[in-house]
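Visitor: Hello! Could you walk me through the strands and a helix of this protein?

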Amino acid sequence: MADLLMLTSEPGGSAQVLGALALLPHRVRVVPLEPSALLDAPESDAVLVDGRRDLARARSTCQLMRSTGIDVPLLLVLTEGGLPVVGVDWGMDDVVLADAGPAELDARLRLAIDRGHVSPAENEVEEIEAGELRIDAGGYTARLRGRALDLTYKEFELLKYLSQHPGRVFTRAQLLQEVWGYDYFGGTRTVDVHVRRLRAKLGPEHDSMIGTVRNVGYRFEPQRERRDARPSDDVDGTGTGTGTDEQTDPADRADRDGLSEQRSGHR
């Protein structure tokens, strides 16, 4: 059983906002839909914001509460019509439909509360050490032999993700999903472009950290020694590429660079 705080202007109380709450054992305290109402509100395990009728007000309320450092999960209650416009910049931890059943509502509350109990150290490793490479995940910086690497956001995310799983082979599709996200519609070739640029920034002595498994994908190898001829030179996994602009077919290079420019907003 959890202690819940609901912000709503609904005169009928929490049961009018989330009917399933009446069927659950949670304790619910209702306060006006104003951030200032939290000043005198009792402690709670989660906060529910009623966004069914006024999305703009619900958004500003969530953002303001998040900016003030609320330390409990924040759930936004919506109708189905509000789903297309809601975004992560609203500041909530999860959304729940007003007509959700008791089992779904209880699961969302439980998971949100449990996630809130995970400490930052358990949730993400802030410092990553891989041989001579040092990555500060929180500060978005990477250093190689003490030299700061000038990486774009996506190059950093790709390097970080690979270095978190040394030796594990990832397909291009897997990297696209994990680094670029589900909402990215570009092709897997953009992974090759970013790998090529990462290798260039790592330099000839360390570019083999990102190894190619032919016809499969890439893996991170921090202790790999440089060799004169490396499978990692096969950027596109076909056995015909060299991984360098000078030796790549001009038409193919133009296609890759054009794709990179088109996708620059996703870095």
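Guide: Happy to! One term to start with: two strands pair if DSSP finds at least two bridges between them. Please keep in mind that this is a predicted model.

Visitor: Which residue in β2 is the bridge partner of aspartate 3?
Guide: Strand β1 covers residues 3-7, and five bridges join it in parallel to β2, residues 27-31. Within that pairing, aspartate 3 has as its bridge partner arginine 27.

Visitor: And which residue of β3 does leucine 7 stand opposite?
Guide: β1 also pairs with β3, residues 46-50, in the parallel sense over four bridges. There, leucine 7 stands opposite valine 49.

Visitor: Which residues form the covered face of β6?
Guide: β6 spans residues 127-130, and its uncovered face holds Glu127 and Glu129. The covered face is made of Ile128 and Ala130.

Visitor: In the hairpin of β6 and β7, which residue takes a positive phi?
Guide: The two strands run antiparallel and are joined by four bridges, with alanine 130 partnered by leucine 133. Two residues lie between the strands, and the one with a positive phi, near 65°, is glycine 131.

Visitor: How far apart are the end C-alpha atoms of α7?
Guide: At 1.5 Å a residue, its 14 residues should span 20 Å. The model agrees, because the end C-alpha atoms are apart by 20 Å.

Note on methods:
Residues numbered from 1 in each chain as written. Predicted model: local features only at pLDDT ≥ 70, side-chain atom pairs only at ≥ 80, totals over all residues. Heavy atoms only, no water. Buried < 20%, exposed > 50% of the residue type's maximum accessible area, 1.4 Å probe, protein only. Expected span 1.5 Å × (residues − 1).
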